[in-house]
Amino acid sequence: MLEYKGIEYRRMDLVPAVHRPLLRALRFPGITVPALVIDGRRVQGSREISHALDELRPEPRLFPSEPAARGAVEDAERWGDEVLQPVPRRISWWALRHDRSAVGTFLDDAQLPFPNRLALLTAAPVVALSARLNEATDAAIEADFAALPGLLDRVDQYIAEGTIGGEQANAADFQIAPSVRLLMSFDDLRPAIESRPAGEQAVRICPRPPGHVGPVFPSRLLEPLRTPA
């Protein structure tokens with residue numbers, strides 16, 4: 001969103017799970033990322049950041065000015081944050097807990113305050129803690145995979161309605177696309193997503209995948225994605 005707004009910035013990535021005390025040390029009130037210091041303000045959470053950016057630099061807009069259209073974008077952004085985003089997050093931590101060989105691919109573009117090799121050396125406890133904090137249990141993953149086709153259908157519906165996927169990106173695009181793009185970093189999931197409107201929109205907003213994970217999921221978990229609705 002910062003690049004979309006044409007705002008220069010300096011990025012620093014934090015190690016998942018152990019980022020919480022660092023945010024406190026940086027005088028952020030909560031433990032949520034992304035966290036941003038802009039124009040003297042400390043803003044946390046993607047939805048709070050999108051609103052703050054529109055206040056700071058109105059154009060190009062992240063929210064339509066027309067009330068009904070704005071409400072639709074805000075509803076989609078909220079859904080992407082509260083409903084969609086936890087699913088690829090849990091799926092990712094479950095997968096990395098079962099196969100840590102792909103951790104390094106998620107560090108290729110990282111801008112950590114220490115060498116990437118140190119992050120790799122500490123990957124095992126970080127992955128285990130992150131999986132626990134995100135409740136990435138076997139039962140939760142079963143439910144997530146069962147829900148995944150419906151979630152992708154919802155993204156496709158938002159695109160068909162014109163709420164997201166338009167010529168000019170909005171806050172809901174930036175909220176939803178990264179979650180779909182994260183799912184597409186898995187070889188097991190990408191074939192079922194990439195040709196959908198949801199997949200095409202995710203690649204447009206996030207051209208570079210966040211990492212790459214080879215086959216890792218049991219076949220039974222993937223069955224809902226193979227079965228036509």
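This is a predicted model: local features need pLDDT of at least 70, side-chain atom pairs count only at pLDDT 80 or more; totals for chains, interfaces and linings use all residues.

Reader: Which residues of helix H7 are buried?

Author: Two terms are needed. Helices (H or I, at least four residues) and strands (E, at least two) are DSSP runs numbered from the N terminus. Buried means under 20% relative accessible area, exposed means over 50%, and partly exposed lies in between, with a 1.4 Å probe and protein chains only. In H7, residues 123-133, the buried residues are Ala-123, Val-126, Val-127, Ser-130 and Ala-131. Seen down the axis of H7, these buried residues fall within an arc of 130 degrees, so they line one face of the helix. The arc is that of the directions from the helix axis to the C-beta atoms.

Reader: Why do residues three or four places apart point the same way in a helix?

Author: An α-helix has 3.6 residues a turn, so residues three or four places apart point the same way. On the face of H7 turned away from its buried side are the exposed residues Pro-125 and Arg-132.

Reader: What covers the buried residues of H7?

Author: Contact means heavy atoms within 4.5 Å. The cover includes helix H5 (86-98) and helix H6 (116-121).

Reader: How are two packed helices described?

Author: Two packed helices are described by the angle between their axes and the distance between the axes. Axes are lines fitted to C-alpha atoms, for helices over the stretch in contact, and angles run from 0 to 180 degrees between N-to-C directions. The axes of helix H4 (residues 67-84) and H5 come within 6 Å and cross at roughly 30 degrees. H4 and H5 are therefore roughly parallel to each other. The contact is made by Asp-81, Glu-82, Val-83 and Leu-84 of H4 and by Pro-86, Val-87 and Pro-88 of H5. Angles under 35 degrees count as roughly parallel, over 145 as roughly antiparallel, 65 to 115 as roughly perpendicular and the rest as oblique.

Reader: In which sense do strands S1 and S2 pair?

Author: Two strands pair if DSSP finds at least two bridges between them. S1 and S2 pair in the antiparallel sense over four bridges, and they form a hairpin with two residues between them. Ala-35 has Gln-44 in S2 as its bridge partner.

Reader: Which side chains of S1 are buried?

Author: The side chains alternate along S1, residues 35-38. In S2, residues 41-44, lies Gln-44, which counts as buried at 13% relative accessibility.

Reader: Where is Ala-202, and is it buried or exposed?

Author: Ala-202 is in helix H11, residues 197-205, and counts as buried at 0% relative accessibility. Not counting residues up to four places away in sequence, Ala-202 touches Ala-177, Val-180, Arg-181 and Met-184.

Reader: Which residues touch the most other members of the largest nonpolar core?

Author: A nonpolar core is a set of buried Ala, Val, Leu, Ile, Met, Phe, Trp, Tyr and Cys residues joined through side-chain atoms within 4.5 Å. The largest one has 59 residues, and those touching the most other members are Leu-148, Ile-176, Val-180, Leu-189 and Phe-217. Neighbours within four places in sequence aside, the contacts of Leu-189 include Phe-145, Leu-148 and Phe-217.

Reader: Where is Pro-16, and what does it touch?

Author: Pro-16 is in the loop between helix H1 (2-5) and helix H2 (19-25). Pro-16 counts as partly exposed at 33% relative accessibility. Residues up to four places away in sequence not counted, Pro-16 touches Trp-93, Val-126 and Ser-130, and Val-126 and Ser-130 are among the buried residues of H7.

Reader: Which residues other than glycine have a positive phi?

Author: Asp-39 is one of them, with a phi of about 55 degrees. Asp-39 is found in the loop between S1 and S2 and is exposed, with a relative accessible area of 63%. Glu-135 also has a positive phi, near 55 degrees. Glu-135 is found in the loop between H7 and helix H8 (138-161) and is exposed, with a relative accessible area of 57%.

Reader: What kind of peptide bond joins Glu-59 and Pro-60?

Author: The bond is cis, with omega about -10 degrees. Pro-60 is found in the loop between helix H3 (46-56) and H4.

Note on methods:
Residues are numbered from 1 along each chain as its sequence is written. Side-chain values use heavy atoms; hydrogens and water are left out.
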